[in-house]
Amino acid sequence: MTNSFGRKLVIGPTDRTSEQRTPESALFLIPEAARESFVPYVTTIPIPRVGENDLTRIAPGRPLAEGERIEVSGRLLDERGRPIRHALVEIWNANKWGRYTHQDDPAVQPLDPNFLGVGRTLTDSEGNYRFYTIEPGAYLARPDIGRWRPKHIHFSILGRSARLVTQMYFPGDQYLEKDPSFFLLGDAQQRHIGIATSSNVDGFSGGYRFDIVVGGRNATFFE
Amino acid sequence: MTELLPTSDDTVGPYFPPCFATTGRLNLRSPVDGLNVSAAGTPVRVYVQMIDVFGERAQGCSLVDVWQANASGVLRRPDNLDSDAIDSYFEGFGRVVSRDGTFEIDTVKPGVIVDGAVTRAPHITLTFFCDGFNRLVTQFFFEDEPLNESDPLLRSLPAELRPRLMARRIADVDGVAAYSLQVRFRGGDETPFFDDLLS
């Protein structure tokens with residue numbers, strides 16, 4: 001057996017599920033001989049429907065959702081700056097009042113009949129992706145201690161050996177400072193805040209650029 | 001060469017859209033519904049329970065990636081996609097969403113992986129994305145498999161922890177060999193989880 005250990009995962013402060021589910025024990029190191037099978041290599045990914053990258057309406061031609069329409073775009077790259085092509089990018093975010101459409105969201109904020117809050121797209125041959133969505137509201141995640149979650153958009157990346165689940169936050173958000181997830185990002189915090197940009201799409205107040213680099217701890221031995 | 005700084009993991013949270021994946025039972029064996037094709041090998045079903053610090057099922061636990069070799073012990077890789085050893089009907093990868101802390105995998109039993117001097121006992125890799133943490137990775141084995149004794153991953157663990165990665169054989173379900181696996185995220189009998197490939 002090995003005598004050295006991997007990282008000890010940290011509990012997100014004031015996050016109950018984190019207290020209940022974060023291993024007490026440090027992670028174990030993967031011996032060299034067992035590494036290969038830890039990395040999935042995915043060749044079948046679903047094809048998004050037309051309009052599925054536009055969360056501002058449920059389908060093309062349908063009425064607009066309420067709230068500030070924003071463009072969220074960026075490039076998906078590996079650590080050497082090479083584009084990750086034709087990968088699946090999925091996002092989900094709360095509506096303008098901070099309510100998810102997910103059936104487990106206990107929030108009392110209203111649903112928007114024109115907003116599903118889920119979208120998918122594939123990166124193009126240069127690794128670019130683009131979504132249109134509604135700027136999500138912050139929401140009170142812990143009423144008992146008055147802790148809010150800052151505005152954020154969830155991202156999932158899947159394709160060949162790239163796999164990442166992360167979140168984009170918004171610049172200047174007053175709730176970032178006390179957010180357990182944002183806290184755990186440590187030195188990487190700034191890279192998770194979208195960069196405000198203008199948008200030349202009619203009716204859009206602006207957008208955010210969020211480049212995603214799959215690498216580091218998520219890098220695979222194939223690269 | 002300049003290296004770009006990587007984007008970090010962040011928690012999937014409790015609201016991963018179930019419509020993006022399969023809910024409850026993942027079928028890796030006949031992935032294309034309604035077509036007369038399925039993977040070669042011995043069918044197995046694995047019942048997985050995810051347990052929190054209280055010994056309760058981890059409710060609202062979002063997303064699990066499943067990855068395994070085919071029945072001949074071959075994993076898909078960029079350099080073997082046209083090899084004869086690849087089963088064209090078997091991807092070996094799937095995503096499953098669990099809302100009640102349990103999920104099932106319908107698959108074929110993974111084969112023994114032989115790579116040079118290294119022999120891996122049949123195993124399946126699970127990556128958990130869950131509200132409360134970012135990502136946890138482990139591999140599980142089949143208790144009735146003699147090669148477990150010599151598997152390099154199992155042997156790297158203290159002996160008393162190895163049984164925690166064993167799926168237990170239970171009574172057949174619908175004529176298929178069934179196994180049960182308990183994954184405990186925290187607390188007594190905590191499952192060993194593994195660090196990334198950089199460490």
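A salt bridge here is a side-chain nitrogen of Lys or Arg within 4 Å of a carboxyl oxygen of Asp or Glu. By this rule, the count comes to 24 salt bridges over all chains. The structure is a predicted model, in which local features need pLDDT of at least 70 and side-chain atom pairs count only at pLDDT 80 or more, while totals for chains, interfaces and linings use all residues. Residues are numbered from 1 along each chain as its sequence is written, chains are lettered from A and ligands numbered from 1 in the order in which they are written, and side-chain values use heavy atoms, with hydrogens and water left out.

**Where chain A meets chain B**

- The contact (heavy atoms within 4.5 Å) takes 76 residues from chain A and 73 residues from chain B.
- Together the two chains bury about 6800 Å², with 57% of it on carbon and sulfur atoms; buried area is the accessible area (1.4 Å probe) that two parts lose on being put together, summed over both.
- On the chain B side, B:Thr7, B:Tyr15 and B:Leu197 lose the most area to chain A, together 13% of what that side buries.
- Between the chains there are 37 residue pairs in polar contact, both at pLDDT 80 or more. Such a contact is a pair of N or O atoms within 3.5 Å; within protein, one must be able to donate a hydrogen and the other to accept it, and residues adjacent in sequence count only if both atoms are side-chain atoms.
- Strand S10 (133–142) of chain B is among the elements that give two or more residues to the side touching chain A, and S10(B) gives the most, with six residues. Helices (H or I, at least four residues) and strands (E, at least two) are DSSP runs, numbered from the N terminus.
- The chain B residues on that side divide into 40 nonpolar, 14 polar and 19 charged. Ala, Val, Leu, Ile, Met, Phe, Trp, Tyr, Cys and Pro count as nonpolar, Asp, Glu, Lys and Arg as charged, and the others, Gly among them, as polar.

**Salt bridges between the chains**

- Chain B and chain A share six salt bridges.
- One of them joins the side chains of A:Asp104 and B:Arg99 (2.4 Å, N to O).
- Another links A:Arg163 with B:Asp65 (2.5 Å, N to O), crossing from strand S8 (residues 162–169) of chain A to strand S4 of chain B.
- Both ends of that pair are buried (under 20% relative accessible area; exposed is over 50%, partly exposed in between; 1.4 Å probe, protein chains only): A:Arg163 is at 9% and B:Asp65 at 3%.

**Salt bridges within a chain**

- A:Arg82 pairs with A:Asp78, the closest N and O atoms being 2.8 Å apart. A:Arg82 is partly exposed at 33%, whereas A:Asp78 is buried at 10%.
- A:Arg16, A:Arg142 and A:Asp144 are linked in a network of salt bridges.
- In chain B, the side chains of B:Arg169 and B:Asp172 meet in a salt bridge (2.8 Å, N to O); B:Arg169 is partly exposed at 33%, as is B:Asp172 at 46%.

**Strand S12 of chain B and its partners**

- Seven of the nine residues of S12(B) (residues 176–184) are buried, so the strand is largely enclosed by the rest of the structure.
- S12(B) runs parallel to S3 (residues 43–51) of chain B, with eight bridges joining them; two strands pair if DSSP finds at least two bridges between them.
- S11 (residues 166–173) of chain B pairs with S12(B) in the antiparallel sense over four bridges.
- B:Tyr179 in S12(B) is the bridge partner of B:Val46 and stands opposite B:Arg169.
- The hairpin of S11(B) and S12(B) has two residues between the strands, and B:Asp174 takes a positive phi near 50 degrees there.
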